[in-house]
Amino acid sequence: MLTKDYYFDLPEELIAQYPCSERGNDRLMLLDRYTGAYKDLKINDFPSLIDENSVLVLNNSKVRKARTYAKSESGGTVEFLFLSENDDKSWNAMTSKAKRQKVGKKYFFLDSDGNVYREAEIKGEREDGTKIVEFDSEIKNDFFEKLGHVPLPPYIKREDEFQDEKRYQTVYAKKEGSVASPTAGLHFTKDLLDEIRSKGVNIYEVTLHVGMGTFLPVRSERIEDHHMHSEHYEIDEKTLDALNEEKKSGKKIISIGTTSLRTLESSANDAGLLEKREDNTSIFIHPGYKFKFVDSLFTNFHTPESTLLMLVSAMAGKDNIMRAYEHAIEEKYRFFSYGDAMFIRS
């Protein structure tokens, strides 16, 4: 299978640069997983599309304000995106002008008054090109709250604004650790979730911390040659046991977002039940993959030639997905993180 087979021409004006005026007011395309039939709806129609024989699974990871700026010893401004923690003082980070940021270079993180808040030094470089950054003292959440910016994805061509602190976060976010939002969940309000529960549908939460690798393009000619980034997931024991009982009783598992889906499929064994409670996953789901646990997927519209487009093609069939995307473009759906949604229903 060739990467170029997943290309489509997307007008730039359809890439959502801002969220809609009110959470939950986006459009929703319903797509039949097997027939490819689609229908244009709204997000508030979603509860009517599911019945009590279903359960929902959400990713409760919370986005960290992980994008910060520092001054180098020469006075230049360098952007840091902190991805993961090694210990209290050491973090892995991506930087701007990465080739210039060498081991031994020092940086000064300034507060709003221009005073040095923290100092740091690049201590090493990992195989994936990210830097190992060591601070002069322990780094806690107050560092990111004081100096950090919301790490909006690269296709949003603007600086983060005050509204992004709430709108780029799901209403059920709990466990901090993501550098990108599990964006399918951005459509859900507390009222919408309550309406779903009122139908007798149980809602469960898992955690997968989203890394910047989610935005990396597929550079290999054949998709089978692409190596996925690794992300950490957790399912607490009570949730794992409950989801297995739901599955054994014949309930349909609806994943809210590709990150929830990747968590569930990574945990599932060959018998179709969840087994692993915690692990790092680099699962790459593309056409030919046999789903073990998830039946339906609520997701946003994805970028051309991306692993996420390949994932939804694995669930609904490439031809069905490409026809639905063609319709979405004709009807001027809004794409990507702040855009509209699709419900792939079995």
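Reader: What volume does the second largest cavity have?

Author: The second largest cavity has a volume of about 30 Å³, a volume being the space filled by probe spheres set on grid points that are joined across faces, edges and corners. The model is predicted, with local features needing pLDDT of at least 70 and side-chain atom pairs pLDDT 80 or more, while totals for chains, interfaces and linings use all residues. Residues are numbered from 1 along each chain as its sequence is written, and side-chain values use heavy atoms, without hydrogens and water.

Reader: How many cavities of 30 Å³ or more does the structure hold, and what makes a space a cavity?

Author: The structure holds two cavities of 30 Å³ or more. A cavity is a set of points on a 1 Å grid over the protein atoms alone where a 1.4 Å probe fits but cannot get out, whereas a pocket is an open set with protein on both sides within 12 Å along at least five of seven lines, and lining residues have an atom within 4 Å of a point. The largest cavity has a volume of about 70 Å³, and the residues that line the largest cavity include P19, R23, R167, H187 and Y338.

Reader: Which residues line the second largest cavity, and which element gives the most?

Author: M228, R262, I283, F284, I285, T307, L308 and L311 line the second largest cavity, and α6 gives the most, with three residues. By class, this lining has six nonpolar residues, one polar and one charged (Ala, Val, Leu, Ile, Met, Phe, Trp, Tyr, Cys and Pro count as nonpolar, Asp, Glu, Lys and Arg as charged, and the others, Gly among them, as polar).

Reader: What makes α5 and α6 roughly perpendicular to each other?

Author: The axes of helix α5 (residues 258–267) and helix α6 (residues 307–316) come within 11 Å and cross at roughly 65°, and angles of 65 to 115 degrees count as roughly perpendicular, so α5 and α6 are roughly perpendicular to each other. The crossing of α5 and α6 is left-handed.

Reader: Which residues of α5 and α6 meet?

Author: T258, L261 and R262 in α5 meet L308, L311 and M315 in α6, contact meaning heavy atoms within 4.5 Å. The residues of this contact are four nonpolar, one polar and one charged.

Reader: At what angle do α6 and helix α7 pack, and which residues meet?

Author: α6 and helix α7 (residues 318–330) pack at about 115°, with their axes 7 Å apart. L309, V312, S313 and A316 in α6 meet K318, N320, I321, M322 and Y325 in α7, a contact of six nonpolar, two polar and one charged residues.

Reader: What volume has the largest pocket, and which residues are closest to its centre?

Author: The largest pocket has a volume of about 940 Å³, and of the 39 residues that line it, the closest to its centre are L83, S84, D128, G211 and S230. The largest share of the lining of the largest pocket, five residues, comes from β7.

Terms used
Helix = DSSP H or I, 4+ residues; strand = E, 2+ residues; numbered from the N terminus. Axes fitted to C-alpha atoms, helices over the stretch in contact; angles between N-to-C directions. Parallel < 35°, antiparallel > 145°, perpendicular 65-115°, else oblique. Left-handed = near helix turned anticlockwise from the far one by under 90°.
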